Every structure is written in C-alpha cells, then in structure tokens.
Amino acid sequence: MEHQSTFVNWFRNSSPYIHAHRNRTFVIFFGGNAVTEPEFDNLIHDFALLRSLGVRLVLVHGIRPQIDEQVTGHGNTPQFHHHLRITDATTLQYVKQAAGLVRVEIEALLSMGVSGSPMAGAKIRVASGNFVTAKPLGVLDGIDYCHTGKVRRIDAQAIHQQLDQHNVVLISPIGYSPSGEIFNLSAEEVATEVAIALQAEKLILLTEQNCVSPGDNHPIQQLTTAQVSALLQETPTVPDEVARSLRAAMQSCEKGVQRAHLINRHVDGALLLELFTRDGIGTLISSNAFETIRAATLDDIGGIMELIKPLEQQGILVKRSREKLEMEIGDYVVIERDGLIIGCTAFHPMADGNSAEIACLAVHADYQKGARGNSLLDYLGNKAKTEHIQRLFVRSTQTVHWFVERGFAPCEIDDLPEPMKSAYNYQRNAKVLYKDV
C-alpha cells in the first residue's frame, strides 16, 4: 500500500511538468559511447515516453568512439588537435561508415513495438535528412583539419515540418556543403546550433559524468550562463567532456534557448528524474537565476494560497481570503523556483511611515533546509532601508525563537503602532516582537 501511495504522489507531483513539456521542443545530445552499452535500451524507452507525452523531440548523436574503432581497426592512429579530430580523406570514409551504422541502430531501436515491452504501441516515426549545411574548419595553428567542418546553417523549417508531423528527428554529426562535400562535425556543436535555430525550450546534454563543484566535488544543481563562464575560466581541471557540454549549454542559453541541462546518462532514469521532478538530478543552466526572490503579482495568488493553506490549517498563520490577498498583493514577496512558489512573505508599512509589519512568512516544507526564510527576511530588511522604515514588527505563535535568533526582541502590545494594536487578536494571543533596522 505504501508503494502505491508513493507512486500516486509522484505521479500527481509530476503532472505540472507533463503539462508544461507538452508541445515543447527538446534537443537531446548523447555521445557515441551511450549507443554501445546495454543500458541504451532504457534511454530509448525514455525517449519514446517523452514523445508519447507530446514532446517535440530532436535527437543528436555522437560517433567519436565508433570512428576511433574504425581508425584503429585499420591499423591507424586517430589524429586530434585541440580536441578536434583531423579528418583526412581516409578518416572521412570511417566517419561515414560510423554515422550510418549508429543512425541505423538508433532507428531500429526507436522502431521497436514488441508486445509487453516499454515500446509496445509506441509507433514512433523517425526522420533523418540533410538538415545541416557545413563548411570546412580550414587551417588552424598551421594544422589542416581537412574534412573536419563547422556548422554553417541549420534548416530549421525542414526540422519543424517533421516535428509538426509528429516525427522524432534524428541528426548525425555530419554536414554537407552546397557543392556536395561531406564534413565531420562536433556533435555538441550540431546540437547547440540545432537548439538555437529551432529556439528550443530545452537543450539536454547527456554526459558521461556529473558536473561537480571544484571545491567539494558535490554535483552542481544550477548555474547561470555567467557562472558557467566563470567556472570554465577559473577551473582548468574541469573534464574536457563536461567543459564541452557546459560551453554548449552556455552558448545556447545566450542565444535564446530557455534552459539547458547536463545529465549523467549512467543514472538509470536520469532524464525522467530531471524533467518530471521538482529538484531534478542534473545541472540546470539558464540565462537568469533558476530561483528568484521578487515582488508578487496577481498571477501568484493561487501559488501563495496553496503554500500557506497547510500552515493556516495548523494555526501557524492567520487565515487569509483570496480577496484579502488580491487587495494586499503589492505588499507580498515570493520565492519562485522554476514556476513554483516555494516561499512568500508580506511587508505591510504602517501609517506612521516609520514602521512596518512582517507577516505571512512561509517556506514550502520541501525547501526549509536552504536558509530561504533568511533570504526573505534579508530581502525585507533591504526593502525597509530603501523605504526609510526604522522598525519592523512581527506577530508569531510558534516561530518566536526563529525570529529572536535573527535579532528580534519581545515587546508589549501597547508598543505596537496603529493599526496593528487595534487589530490584535487577544484570542490568538500571538507574541509580539520588533527589530530596529
């Protein structure tokens, strides 16, 4: 029964993300290593699930290990410069073979519909094509990269047409010139340029390892593009594969892609955990902060009511009607995390112009370990200074010690300014505290 309850709660909590992702365009990159492992079947099943939930899906695959296998298998040594392959005429043949083999393998897996398997009834149509126009990389540092190229243009219209027909688009890291030449491309670059050209909602980069903090080696949950740039400049020890994905994520977000995600593909179900749970499992990159404190708007009232309802039922907060919230919404501040209101408070200035009341301070139960209450209090402290407020008051029944630990001191009811004094509820018998700004 407990297992059933856990599943029901998870499914209910995932529903906002299911609605949010429907009809959105996701570009997903994965390296050639992923295709060679048995766990790739599970990843294919997750791709199929995303498609069944209405996600417009573009898959960009790598082929680096497959090319290396072809090169070394013929007695040659792979040639690289600045982590880019030098593709001579012989290597180009191996590139074409590797791209063809991997593409066919992925198409076959996406075509499965065996009864009793996760793909049963999926009926996924896969579209591939010459969507990428490329040009030669040329000569750099005196090194001729031969048939290694860079993206010149993405045929976004053709890709959108395939997506409009409910097809999954599969793109290999191969580009073509108007004169019919073939170029070997960086798969991360192709994924980035495709995401930008489509103005995709997400670029998802499935990596071989976690993106971790250089200080404590803990996984990084979120970064802004500015933080990514600083990390790459200040930490030369970032693994090359992670650094390439971080640069791809940063570039895409700087050019219009809403969000980019780095996800360790070795964690079973990581793609689903990142997209359909509140905190995810990978590293989220965006142009702006993923979690922000801001002034509330009327659109936030539903989220505020859902947040404070449990606290009202427990008697921790005074009950507030929707009408009262609408009238006082200009006094409210919220913490928004990926579209969800996870914290709020109110700042009610008094008529004397010298004091204000802090009210309705609440943080979602799942986020009370991250000092977000402190952040809300600091926000209001700065707001008070800006508005030349000299003293802050608060009424509390069950969080008195929390406020005392943050510099508030008890005071008498007679010390309250109007209208706090006249509105005081003696039956509730809340403690009164103050703090000078």
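**Quick tour of a predicted protein chain**

C146 counts as partly exposed because its relative accessibility is 30%, where partly exposed sits between buried (under 20% relative accessible area) and exposed (over 50%), using a 1.4 Å probe and protein chains only. Residues are numbered from 1 along each chain as its sequence is written, and side-chain values use heavy atoms, leaving out hydrogens and water.

**The whole chain**
- The protein chain has 14 helices and 23 strands; these are DSSP runs numbered from the N terminus, with helices (H or I) of at least four residues and strands (E) of at least two.
- Its C-alpha trace spans about 90 × 55 × 40 Å along the principal axes.
- Of the 437 residues in the protein chain, 45% are buried.

**Loops worth a look**
- Most residues other than glycine have a negative phi.
- C146, not a glycine, has a positive phi of about 55 degrees, and you'll find C146 in the loop between β8 and β9 (149–154).
- D141 is another non-glycine with a positive phi, near 55 degrees, and it sits in the loop between β7 (139–140) and β8 (143–144).
- D141 is exposed, because its relative accessible area is 59%.
- G330 is in the loop between α12 (322–328) and β18 (332–337), and it counts as exposed because its relative accessibility is 63%.
- From G330 to L223 it's 107 residues in sequence and 30 Å in space, C-alpha to C-alpha.

**A nonpolar patch**
- F7, V8, W10 and F11 make a nonpolar surface patch of about 400 Å².
- Patch residues have over 30% relative accessible area and no salt bridge, with nonpolar side chains (Val, Leu, Ile, Met, Phe, Trp, Tyr) joined within 5 Å and like charges within 9 Å; a salt bridge is a side-chain nitrogen of Lys or Arg within 4 Å of a carboxyl oxygen of Asp or Glu.
- F11 is in helix α1 (residues 2–21), and at 47% relative accessibility it counts as partly exposed.

**The cavity**
- Searching the whole structure turns up 1 cavity of 30 Å³ or more; a cavity is a set of points on a 1 Å grid over the protein atoms alone where a 1.4 Å probe fits but cannot get out, and lining residues have an atom within 4 Å of a point.
- The largest cavity holds about 60 Å³ of space.
- Its lining includes T207, Q209, C211, V242 and T283.

Key. This is a predicted model: local features need pLDDT of at least 70, side-chain atom pairs count only at pLDDT 80 or more; totals for chains, interfaces and linings use all residues. Accessible areas come from the Shrake-Rupley method with a 1.4 Å probe; for residues, only the protein chains shown count as cover. On a 1 Å grid over the protein atoms alone, a cavity is a set of points where a 1.4 Å probe fits but cannot get out, and a pocket is an open set with protein on both sides within 12 Å along at least five of seven lines; lining residues have an atom within 4 Å of a point. Grid points are joined across faces, edges and corners, and a volume is the space filled by probe spheres set on the points.
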